[in-house]
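Here is a short briefing on one protein model and its ligands. Please look over the sequence and the structure before reading on.

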Amino acid sequence: MKLINIETNMAEFDGLKNQTEFMTYFRNENMMNPQKYFIETWGCQMNEHDSENLSGMFDLMGFIRTDLKENADVVLYNTCAVREKAEMKVFGNLGHLKNLKGRKPDLKIIVSGCMPEEDVTIEKFKKEYKFIDLVIGTHSYQKFPQLLKEAYLNDRTKYDINNKEDIIIEHLPANRDYNVKAFVNIMHGCNNFCTYCIVPYTRGRERSRKPEDIINEINELVNNGVKEVTLLGQNVNSYGRTEKFDVDFADLLELVNNIEGLERIRFMTSHPKDMTFKLIDYVNKLDKVCEFMHIPVQAGSNNLLRRMNRNYTVESYMEKIEYAKKNVKGLTLSTDIIVGFPGETDEDVDSLIDLFNYVKYDNVFTFIYSKRKGTPANDYEDQIDNHIKKERFNKILEVSNNIAKENSLQYMGKTVEVLVEGPSKNTEGVLTGKTRGFKTVNFEGEKDNIGKLVNVEITVCNSFSLFGKIIK
Ligand code: 5AD
Ligand code: SF4
C-alpha cells in the first residue's frame, strides 16, 4: 500500500477540504487489511476522467484497486445515459452483482455517473435494485468519502442525486490510466439542448475552468511524464463564454501550446455552430496542436438538423470544413452521426452519404437513435422502425468504412511521426501509438520507445489502423 500522509495530501487536494474526517476513517479501516475496489466505466471521456478522480479518492483512502470484480469488496459502476443500450448493460451487470452479493453479503455496490441523474432510473433503482449501497450523481463527487461512509454505516441505499449546483471542483486526486497521454476537462455541462440528447439534463449548465487552473494541471501532468493532452468539453468552442473570460478557446490552445515538454495537443468535442475560423487558423499555426478535428455533423439535411436543434445548416458546416481543409495542412477529420432520428427519410440518408463522399472522414461514429425520456425528440410522432434503422445503419457503415479504407491506403510507403503509447494489447513485442492525425500505428520495437516520438514507415494499411517498421 502507498503510504500517504493524509493531512499533507489534503492540503494539495483542497477540493476535498471538508472530507478529511471521512477519508481518515477509511484510512484507519484499511490500515491492516485494505479493501479492494473495482471500477467499470461506460460512456464518454468525461466519465473516464471522473472515474480517474473516484479512483484517486479510493487510493487516498487506503483502498487497493483490482481488475477482477469477483475479488472486490466494493464495486463502482460509472454509468452513461446517452443511449438505452449502455443502460441495459448496466442493469444486466447489476443483476449479476445481486447474485455476487448473495454470496458475499459485505460487498458494497455503488452506481455513479449520468444514470443516477435520470428520474426514470431512480424509480427503477428504488423498486428493483434495493441492494445498491450508494447512488451518486455527477455533481456530488467532491463529497464521495462522506457519502461512502454513510453508505457503509447504513443498510438502506444512500442517494445523492439531482444536486443542481453547477460548480467546478478543482484539485481532486486522480489515478490516471495513461502515462503518456491524459484527458483534461476544460469545461463541464452543456447549454445546447439538442432534441435527442440527455446530457444537458444529467451534466447541468455549461461552465468553464479558469485558464490558470487548466495550465497548472497540464504543467503538473507534463512534470509527471505526460506528452499529449486532450482538452475535453461537450462544446469546447464555447469555452469561457458563460464566464466572459477574455481568453477564448483558440487563445487557450495558444497558452497550452507554450507549455514546455508537452508534445501534442488534441481537443474534443467541437460543436460546428460555435467553431470559429480563428480556431481553424490556430490549429494550423500552433505546432503542438494536432491536425485532427472531431466535428460531429449528426445529420446530412437541413430539415433533420433543424429538428435536432443543432443551429447550423449543411451549408454553414461545409463552409467551415472547406476552410479547414484548405488552411490546415494534412488535416484529418472524424464525426458523429445519428441514424434513424424521427422523421428521417431515404433522401436524408442519401444527402448524408453525399456529405461523407465530400468530407472523407477518417472515422465516423454512427449511433442508432435511442429514445431518451425527458428529451423533446422522445415525443416526436414520426419515430422510425427498428428494421429501417438497422438497414440505414448498415448502408452508412459500408460507405464510411470504404472511405476510411481509401484514406488509409494513402499512407502506404509513407513515414509518419508516432507518439508511442505502450505495448499492443494483441501481439507480444508490438508497440502501439498514434499519428498526429489520430491513426493507430502498430510496429515491432523495444519498450524504451514508450513515451517517445518515433518515425514509422507504413507497410500495411487497414481501415482503422496501420502497421509499419520503425526508422532509426
Ligand atoms: N441516440 C443516439 N445517439 C445519441 N447521441 C447523443 N444522444 C443520442 C441518442 N439519444 C450521440 C451523438 C453524440 C454522441 C456522443 O452520441 O451523436 O455526438
Ligand atoms: Fe448533447 Fe448537443 Fe450538448 Fe453534444 S452539444 S452534449 S449532443 S446537447
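This is a predicted model: local features need pLDDT of at least 70, side-chain atom pairs count only at pLDDT 80 or more; totals for chains, interfaces and linings use all residues.

Residues are numbered from 1 along each chain as its sequence is written, chains are lettered from A and ligands numbered from 1 in the order in which they are written, and side-chain values use heavy atoms, with hydrogens and water left out.

**Ligand 1**
- The shell (residues with a heavy atom within 4 Å) includes Val82, Arg83, Tyr196, Gln298 and Asp336.
- Ile338, Phe367, Ile368, Tyr369, Ser370 and Arg372 also belong to the shell around ligand 1.
- By class, this shell holds 6 nonpolar, 2 polar and 3 charged residues. Ala, Val, Leu, Ile, Met, Phe, Trp, Tyr, Cys and Pro count as nonpolar, Asp, Glu, Lys and Arg as charged, and the others, Gly among them, as polar.
- Arg83 places a side-chain N or O atom 2.9 Å from an oxygen atom of ligand 1.
- A polar backbone atom of Tyr196 is 3.0 Å from a nitrogen atom of the ligand.
- Asp336 has a polar side-chain atom 2.7 Å from a ligand 1 oxygen atom.
- On its own, ligand 1 has 400 Å² of accessible area (Shrake-Rupley, 1.4 Å probe), and the protein covers 85% of that.
- Strands S13 (332–339) and S14 (363–368) each give two or more residues to this shell. Strands are DSSP runs of E, at least two residues, and helices are runs of H or I, at least four, numbered from the N terminus.

**Ligand 2**
- Its surroundings include Cys190, Cys194, Cys197, Tyr196, His271 and Arg310.
- The shell around ligand 2 divides into 7 nonpolar, 3 polar and 1 charged.

- S13 and S14 pair over 6 bridges. Ile337 stands opposite Thr366 in S14.

**Six-stranded sheet**
- The order is S2-S1-S3-S4-S5-S6, open and with parallel pairing.
- S2 (64–65) and S6 (158–160) are the edge strands.
- Lys36 has Ile64 in S2 as its bridge partner.

Definitions and conventions
A polar contact is a pair of N or O atoms within 3.5 Å; within protein, one must be able to donate a hydrogen and the other to accept it, and residues adjacent in sequence count only if both atoms are side-chain atoms. Two strands pair if DSSP finds at least two bridges between them.
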